[in-house]
Amino acid sequence: MPEPAPGITPPTPALTLVTDAIQDPAVESRSQFRLALERFAHHRLALAGLVVFLLLVLLSTLGSVFWQYSYSTITSDFATGPSPQHPFGTDLIGHDLFAQVMEAEATSVKTAALVALIATTIGTVIGAIAGYYGKLADALLMRFTDLILAVPLLAVLLVLANKLSKQAGSWFWIALILGLLLWTNLARQVRGAFLSLREREFVEAEHAIGASDLRIVFRHMIPNAIGSIVVTATLTVALALLIEAVLSFLGLGIQPPEVSLGSLVSSGQDAATSLPWLFFFPSGFLVVTILSINFIGDGLRDALDPTQRATR
Amino acid sequence: MWIYLLRRLLAGVIVMLVLSFGVFILVALSGNPLAALKATPGVSRATIAAAAAQLHLNEPLADRYWNWLDGLLHGNFGSSYTGQPVGSQIAQRLLVTVKLVVPAVILSVLIGVVVGVISAVRQYKPVDHVSTGLAYLFYSTPVFVLGLLLKDFLAVDVNRAVGHTVLFTVGQSTPGITGTWNVLANEVQHAALPVITLTLVTYATWSRFQRAAMLDVLNADYIRLARAKGLSPRRVLFVHALRNALIPVITVVAIDFAALIGGALVTEIVFSWNGMGQYLFNGLTGAESPDVYAVSGWLMVAGTAVVMFNILADLLYGVLDPRIRNA
């Protein structure tokens with residue numbers, strides 16, 4: 001059993017208890033942020049996910065800068081298994097797989113992060129406008145969102161990715177396409193949150209003192225909906241990693257000379273039976289990265305958005 | 001009820017029209033199907049012009065769309081740039097996809113519901129932790145990783161251990177096999193790995209839905225009442241709790257199933273199945289791509305499935321939960 005916090009003496013009436021607590025330096029005030037941080041820290045899997053993810057990012061950044069081979073260097077060893085010289089082995093034409101996996105990890109994470117940034121911005125803005133203004137804006141924007149949702153995502157992705165990757169197969173374009181298509185979920189959530197927030201007293205009070213719409217939305221409503229925004233943004237990173245990997249696996253995502261984890265698995269698959277390291281290292285990194293982000297998302301949901309726990 | 005259905009159908013038709021127009025234009029503008037022909041040395045201008053005329057590439061885009069739509073309304077999907085009729089091709093592909101998707105969905109529902117219910121009833125017990133961990137693992141694993149793992153490692157090991165090929169990894173069937181039973185057995189051997197792949201990635205999400213729904217129901221007052229009345233735990237679980245906890249899951253299954261009609265693209269590609277997903281992929285990246293007619297035909301079938309199953313899901317919800325019907 002935890003001991004009762006110092007400074008709180010049970011028999012005192014409620015009011016003095018509150019003032020006592022405020023005056024007593026032993027009881028520190030805890031901000032919402034602090035509370036969320038503590039809840040997150042209690043979620044062991046989420047914490048583990050965060051540590052693993054940060055390690056992966058660190059390793060891939062350092063690895064692609066300091067490792068003795070670059071991802072495009074062709075060494076004289078080809079198709080060799082893991083060794084001290086090449087910890088992850090080499091591929092059929094002599095690329096050092098460790099250097100390639102590090103570079104690919106960095107590219108994949110970078111792409112997914114940009115997707116989440118774009119999708120979150122669009123989703124928040126569209127959801128906020130629809131939910132705050134309601135009526136016509138709401139009807140128009142939500143029909144637009146429904147249309148994007150009804151589009152078989154994969155078909156449009158294939159069309160666009162096919163077109164763009166042929167011209168400029170850069171991670172930036174792939175991220176842009178994905179970002180422009182993956183915002184619908186968040187837009188619906190933000191709209192829902194705003195529809196109820198705009199009826200609350202503190203928003204009414206802001207209107208009464210003459211605050212501008214922009215101020216109300218950015219200073220008061222978005223901070224109140226930040227929990228679900230952050231959670232959805234995190235899960236969008238995981239989704240973007242998955243989709244980018246699939247696109248690159250199909251040869252429509254990240255193009256050579258750039259490498260991503262999906263394209264590495266794809267180029268290693270023909271030799272997977274005889275040179276298994278070509279399959280296991282990139283796909284292992286892919287799965288661990290996505291898993292760690294899903295765990296972080298789960299922890300953030302518990303910490304920031306306790307009402308949303310039931311789904312998934 | 002009928003008015004509701006009619007309104008939903010009408011909205012669906014409008015969505016399909018807008019979608020088909022958008023995709024038709026997008027695909028038509030995304031590349032030149034004659035690029036390969038143009039790049040071939042020694043092909044005269046006249047040949048290219050004739051090919052363009054044959055494929056109607058020289059006509060205005062709006063006219064081409066209108067002609068395609070006109071054909072569609074008369075039940076004609078047109079023919080693809082390779083000259084084959086899109087309608088009969090899609091019918092063939094649909095059959096292949098159904099052979100893959102239907103068993104996978106049935107298995108996923110069974111596994112998803114059972115695992116979800118056990119997880120909920122034994123919340124925070126070891127069994128729940130294990131199934132939660134597995135579900136996380138499976139929906140964090142890209143389909144192609146799982147597929148390649150089964151294809152390049154499991155199948156090879158199993159076939160080596162048995163001494164002959166038990167698990168086939170390429171295509172839907174071996175040609176030239178006779179006898180009903182032999183053909184059936186052969187198809188099952190081919191389908192096993194892709195179906196397992198699809199099942200593993202699909203059941204993971206559904207089991208989480210089932211667990212959440214079951215937990216909601218188990219904490220409801222009427223369940224406590226049922227227990228207080230002294231009903232047997234089995235009766236409370238299966239008759240009172242499960243029937244209600246299945247409702248949200250059924251809608252999720254219906255909507256996900258509809259999306260799979262459009263093809264389990266990655267699974268089909270890993271195991272070389274000529275299903276709907278492959279058809280779309282070929283139409284966009286194969287020879288003479290982008291093939292507007294193939295892709296638009298695919299979109300009509302896949303999109304219609306999505307629209308219909310969404311309506312079906314809402315209707316089912318109303319049938320299963322009278323509170324929604326009245327609202």
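Modeller: The crossing of helices α2(A) and α12(A) is right-handed, a term for a near helix that is turned clockwise from the far one by less than a right angle, anticlockwise being left-handed. This is a predicted model, in which local features need pLDDT of at least 70 and side-chain atom pairs count only at pLDDT 80 or more, while totals for chains, interfaces and linings use all residues. Residues are numbered from 1 along each chain as its sequence is written, and chains are lettered from A and ligands numbered from 1 in the order in which they are written.

Biologist: What makes α2(A) parallel, antiparallel, perpendicular or oblique to α12(A)?

Modeller: Helix α2 (residues 32-42) and helix α12 (residues 277-304) of chain A pack at about 135°, their axes 8 Å apart. This angle makes α2(A) oblique to α12(A), because under 35 degrees counts as roughly parallel, over 145 as roughly antiparallel, 65 to 115 as roughly perpendicular and the rest as oblique. In their contact, A:Ala36, A:Arg39 and A:Phe40 of α2(A) meet residues of α12(A) including A:Leu300 and A:Asp302, and the residues divide into five nonpolar, one polar and two charged.

Biologist: Why are α9(B) and α10(B) described as they are relative to each other?

Modeller: Helix α9 (residues 221-228) and helix α10 (residues 233-261) of chain B cross at roughly 150°, their axes coming within 11 Å, and they are therefore roughly antiparallel to each other. Their crossing is right-handed. B:Ile223, B:Ala226 and B:Arg227 in α9(B) meet B:Val236, B:His240 and B:Ala241 in α10(B), where contact requires C-beta atoms, placed from the backbone, within 7 Å.

Biologist: How do you know that α8(B) falls short of a straight helix?

Modeller: Helix α8 (residues 180-218) of chain B has 39 residues, yet its end C-alpha atoms are only 48 Å apart, against the 57 Å that a straight helix would reach, the expected span being 1.5 Å times one less than the number of residues. A kink of about 40° lies at B:Ala191 in α8(B), shortly before B:Pro194, the bend being the angle between axes fitted to the seven residues ending there and the seven starting there.

Biologist: Which helix gives the largest share of the side of chain A that touches chain B?

Modeller: Between the chains, 29 residues of chain A are in contact with 33 residues of chain B, and α12(A) supplies the largest share of the side of chain A, seven residues. That side divides into 21 nonpolar, six polar and two charged residues.

Key
Axes fitted to C-alpha atoms, helices over the stretch in contact; angles between N-to-C directions. Helix = DSSP H or I, 4+ residues; strand = E, 2+ residues; numbered from the N terminus. Contact = placed C-beta atoms within 7 Å. Nonpolar A, V, L, I, M, F, W, Y, C, P; charged D, E, K, R; others polar.
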